[in-house]
Amino acid sequence: ANRVYPDPSQVREELIQKYPAKVAKKRAKSIIINDPEIIPEVQANVRTVPGIITQRGCSYAGCKGVVLGPTRDIVNIVHGPIGCSFYAWLTRRNQTRPETLLDENYIPYCFSTDMQEENIVFGGEKKLKIAIQEAYDLFHPKSIAIFSTCPVGLIGDDVHAASREMKEKLGDCNVFGFSCEGYRGVSQSAGHHIANNGVFKHMVGRNNTPSVGKFKLNLLGEYNIGGDAFEIERIFKKVGITLVASFSGNSTVGQIENAHTADLNVILCHRSINYMGDMMETKYGIPWMKINFVGAESTAKSLRKIAEYFGDEELKAKVEAVIAEETPKVKAVIEEILPRTKGKTAMLFVGGSRAHHYQDLFSELGMTTVAAGYEFAHRDDYEGRDVLPKIKIDADSKNIEELKVVADPDFFNPRKTEAELEALKEKGLEINGYSGMMKQMTSKSLVVDDLSHYESEKLIEIYKPDIFCAGIKEKYVVQKMGIPLKQLHSYDYGGPYTGFEGAINFYRDIDRMVNNPVWKLIKAPWEKAGNGAGLAASY
Ligand code: CFN
Ligand code: HCA
């Protein structure tokens, strides 16, 4: 446990020294030595230098896979070559639970127009319309969504016109398209934005049936990976909170169309869905607040924040009772595991929110995050929305059609007055504000945006962390270096990891990984004779 950490400025040098001068200069702006008091500026959401092996994915992934993918009763047709649909088929582990066997669930299916050279030359709209008709004839779904892949933008197929035409023709099916060509923007992040705009424009507000319940909210930025949403639903039910709609874990078209009848939006993954929170606030007067159900303490804190928002004594008492009931089980597992995990180190390089949120679970196990970063987050996710004076225009927004959202006089209903919001703020309940990753990380830890493959190998050689958290592309390379890798995207085969039960699952999985003797049987590259490990050798 008595580790000596390397000098972070030397590490930073080591990470960039092999790059050509121009690349090194650019990468240096994304490799930051943390200071939680000052919060230094991080370069984020900029183009990856071509040639660098990035962890990032594409805009289509962010739109189709991330935001729309988890809604079970939309037929999602991918307009493009078959690979784009095939490689996004069930890989994200977003689970769903139809209420009856007769309920629609298209998540297990893989729909594609299977674009060929002929369509590239002569256009693919005709084929797309035939595909929409075929899906309709086979399934009679409520909704069909069309997703553009790179070639669609290059040849100029108009998926929106095709969707409008087919919507008119079919009559009882909502058909809409997304211009989420993979190359748009700099990462998945652009796809989130495109998805938010489309869902808001084509789905939210279509069903005005008032929702029932005393405390009605929407859960935004939760995608039911490994069953996370099931655990959150269990807790909401226990405390008496009504979940009107989820964006979009375990969700249905009906929920999303009715979402504007809720009283509050709570946001878990701010990166992927903040646009929706803002647009719903402007049009319907529904305030949003950041919560976090990753980590037992964060879960308790978030429940208290929600109860405080509604200001109802009965709800507050219920929340306290549930926390009191659930916490001892969590504490007992921590007590058992802590002696084996305390003092160990972790690195987290994931997406746009988990590299921050999962640090809570590690600190509950007494583990320190020595380096972390997002693949595609923006400066506010690092520095905190409250730190930045004014959020800069997103680099990925340049390609995105911005919706002109205005208040709907029939539905605009400010759920809290200015004075009430002010009073909540005084209690430390920030509405529309939150802190980013850096405020929570220790001084001198490393924060690296859009980590490259090369940099990840260097970091591992230098720090030899006890666990590395990333995705499938990193997993086996890192494990061959003798370091266990936990996938924080798919959770490998595990989960749920949210809420109280989820925290327990996570502690047990991490204990099994970091204390597994198998890693000592592997010779890491730096342990092999004649394989100099650079800076690592001096620590
Ligand atoms: S489920 Fe979310 S939590 S939505 Fe986002 S930023 Fe991805 S798919 Mo992978 S696991 Fe990851 Fe986050 Fe939000 Fe997932 S950290 S990269 S686009 N993400
Ligand atoms: C995506 C989805 C992904 C990929 C995960 C990974 C996910 O970005 O396209 O790289 O292992 O969570 O499934 O982030």
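**Briefing: surface patch, sheet and salt bridges**

Ile82, Phe86, Tyr87, Trp89 and Leu90 make up a nonpolar patch on the surface, with about 570 Å² of accessible area together. Patch members have over 30% relative accessible area and no salt bridge, and nonpolar side chains are joined within 5 Å. Areas come from the Shrake-Rupley method with a 1.4 Å probe. This is a predicted model: local features need pLDDT of at least 70, and side-chain atom pairs count only at pLDDT 80 or more. Residues are numbered from 1 along each chain, and side-chain values use heavy atoms, without hydrogens and water.

**Sheet**
- 6 strands form an open, mixed sheet in the order β1-β12-β11-β10-β13-β14; strands are DSSP runs of at least two residues, helices of at least four, and pairing takes at least two bridges.
- Its edge strands are β1 (31-33) and β14 (485-487).
- The twist averages 20° from one strand to the next.

**Salt bridges**
- The structure holds 36 salt bridges, each a Lys or Arg side-chain nitrogen within 4 Å of an Asp or Glu carboxyl oxygen.
- Glu336 meets Arg340 at 3.5 Å, N to O; both lie in helix α14 (residues 313-341), 4 residues apart.
- Glu336 also forms a salt bridge with Arg508 at 3.4 Å.
- Glu336 lies in helix α14 and Arg508 in helix α21, so this pair ties together parts 172 residues apart in sequence.
- Asp511 forms a salt bridge with Arg340 at 2.7 Å, linking helix α21 to helix α14 across 171 residues.

**Exposure**
- Asp511 is buried at 11% relative accessibility; buried means under 20%, exposed over 50%, partly exposed in between.
- Arg340 is partly exposed at 35%, and Arg508 is partly exposed at 33%.

Definitions and conventions: Chains are lettered from A and ligands numbered from 1 in the order in which they are written. Patches are made of residues with over 30% relative accessible area and no salt bridge: like charges are joined within 9 Å, nonpolar side chains (Val, Leu, Ile, Met, Phe, Trp, Tyr) within 5 Å. Axes are lines fitted to C-alpha atoms, for helices over the stretch in contact, and angles run from 0 to 180 degrees between N-to-C directions. Buried means under 20% relative accessible area, exposed over 50%, partly exposed in between (1.4 Å probe, protein chains only).
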